[in-house]
Amino acid sequence: MSTAVLVMDAGNTRIKWGLHDGADWSASGAVATSEAHALPAALADLPLAPCRLLAANVAGPAARAAIETAARNLGIAAVFLRPAERCCGVRNGYRDPARLGADRWAALVGARARTGAACVVANAGTAITVDALDRDGLFIGGLILPGVELMLRSLAGGTADLHEERGAFAEFPVTTADAMTSGALCAAAGAVRAMIEHLQRRDGEAPALLLTGGGAPAIEPRLPGGGLLVPRLVLEGLVRIATQEYAP
């Protein structure tokens with residue numbers, strides 16, 4: 001009987017998925033969230049039959065329906081992650097633990113498995129989340145801000161003379177497009193730096209930094225010392241939860 005686990009991270013832009021055989025990723029991919037109906041077909045030829053499916057869905061009912069259809073086609077049930085008070089060595093310090101985003105919770109579990117130490121977890125997607133995990137595995141809080149593309153669209157939509165135009169990063173921009181892009185990247189990096197400083201001041205030691213999400217590679221060079229890029233951090237956390245908390 002297969003013990004492979006299928007995990008999904010359904011965000012506002014993409015539905016990312018991975019099939020884990022217990023040792024490594026056997027397959028992975030993504031579909032645009034706006035094309036969620038294509039998900040079942042994308043999963044039709046998996047190299048292994050998964051025994052369970054665990055998803056973190058922050059993309060709404062259409063994504064949920066597509067995940068449920070894909071699960072039925074595979075002959076398994078779709079389970080949707082609900083943040084709890086504790087899981088896999090992580091304690092949830094949110095005032096209402098159930099209100100924490102499922103993707104953030106999974107990323108924290110993935111980060112704890114990787115570091116076992118105090119860390120900041122930055123997930124740069126449509127929105128950017130910057131979360132703090134202390135040395136004891138307690139999630140103590142985090143930030144949410146617009147992603148870089150969302151910042152640029154907001155500027156274009158809220159001003160008369162600025163247009164949504166992607167420029168290049170520059171320390172001293174001399175075009176409007178470069179100024180907008182550089183400002184958005186510096187704002188994102190500034191939020192990450194601020195959380196690192198807050199956690200270091202609280203605990204007296206420099207935390208590790210883990211970066212994930214499609215926007216992470218553009219932000220990482222703006223951070224002194226950079227950070228560890230982990231493209232599948234949410235999926236890694238989901239695999240850990242699926243095997244330790246949701247195993248039959």
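## Lining of the largest pocket

The residues that line the largest pocket fall into 20 nonpolar, 14 polar and nine charged, where Ala, Val, Leu, Ile, Met, Phe, Trp, Tyr, Cys and Pro count as nonpolar, Asp, Glu, Lys and Arg as charged, and the others, Gly among them, as polar. The lining comprises 43 residues, and Ala-124, Gly-125, Thr-126, Gly-213 and Gly-214 lie nearest the centre of the pocket. Its volume is about 940 Å³. A pocket here is an open set of points on a 1 Å grid over the protein atoms alone, where a 1.4 Å probe fits, with protein on both sides within 12 Å along at least five of seven lines, and a lining residue has an atom within 4 Å of a point; the volume is the space filled by probe spheres set on the points, which are joined across faces, edges and corners.

This is a predicted model, in which local features need pLDDT of at least 70 and side-chain atom pairs count only at pLDDT 80 or more, whereas totals for chains, interfaces and linings use all residues. Residues are numbered from 1 along each chain as its sequence is written, and side-chain values use heavy atoms, with hydrogens and water left out.

## The second largest pocket

The second largest pocket holds about 170 Å³ of space, and its lining has three nonpolar, five polar and three charged residues. Helices α3 (102–115) and α7 (233–244) each contribute at least two residues to this lining, with α7 giving the most, six residues; helices (H or I, at least four residues) and strands (E, at least two) are DSSP runs, numbered from the N terminus. Among the lining residues are His-20, Trp-25, Arg-114, Glu-236 and Arg-240.

Helix α2 (residues 61–74) has 14 residues and reaches 20 Å from its first C-alpha to its last, close to the 20 Å expected at 1.5 Å a residue, the expected span being 1.5 Å times one less than the number of residues. Its buried residues (under 20% relative accessible area, with exposed meaning over 50% and partly exposed in between, for a 1.4 Å probe and protein chains only) are Ala-63, Ala-66, Ile-67, Ala-70 and Ala-71. They cover an arc of only 135 degrees around the axis, and therefore lie on the same side of α2; the arc is that of the directions from the helix axis to the C-beta atoms.

On the other side of α2, Pro-61, Ala-62, Arg-72 and Asn-73 are exposed. The cover over the buried residues includes β1 (5–10), β2 (14–20), α1 (39–42), β4 (52–57) and β5 (78–80). Just after α2, Gly-75 adopts a positive phi of about 75 degrees.

## Helix α5

The 28 residues of α5 should span 40 Å at 1.5 Å a residue, and the end C-alpha atoms are 40 Å apart, which agrees. Gly-190 is found in this helix (residues 176–203) and is partly exposed, with a relative accessible area of 24%. Just after α5, Gly-204 takes a positive phi of about 80 degrees.

Asn-123 lies in strand β8 (residues 119–124) and counts as buried at 13% relative accessibility. Leaving aside residues up to four places away in sequence, Asn-123 touches Ile-128, Thr-129, Thr-212, Gly-213 and Val-234, contact meaning heavy atoms within 4.5 Å.

Cys-88 lies in the loop between β6 (86–87) and β7 (90–92) and is buried, with a relative accessible area of 12%. Although Cys-88 is not a glycine, it has a positive phi of about 50 degrees. Most residues other than glycine have a negative phi.
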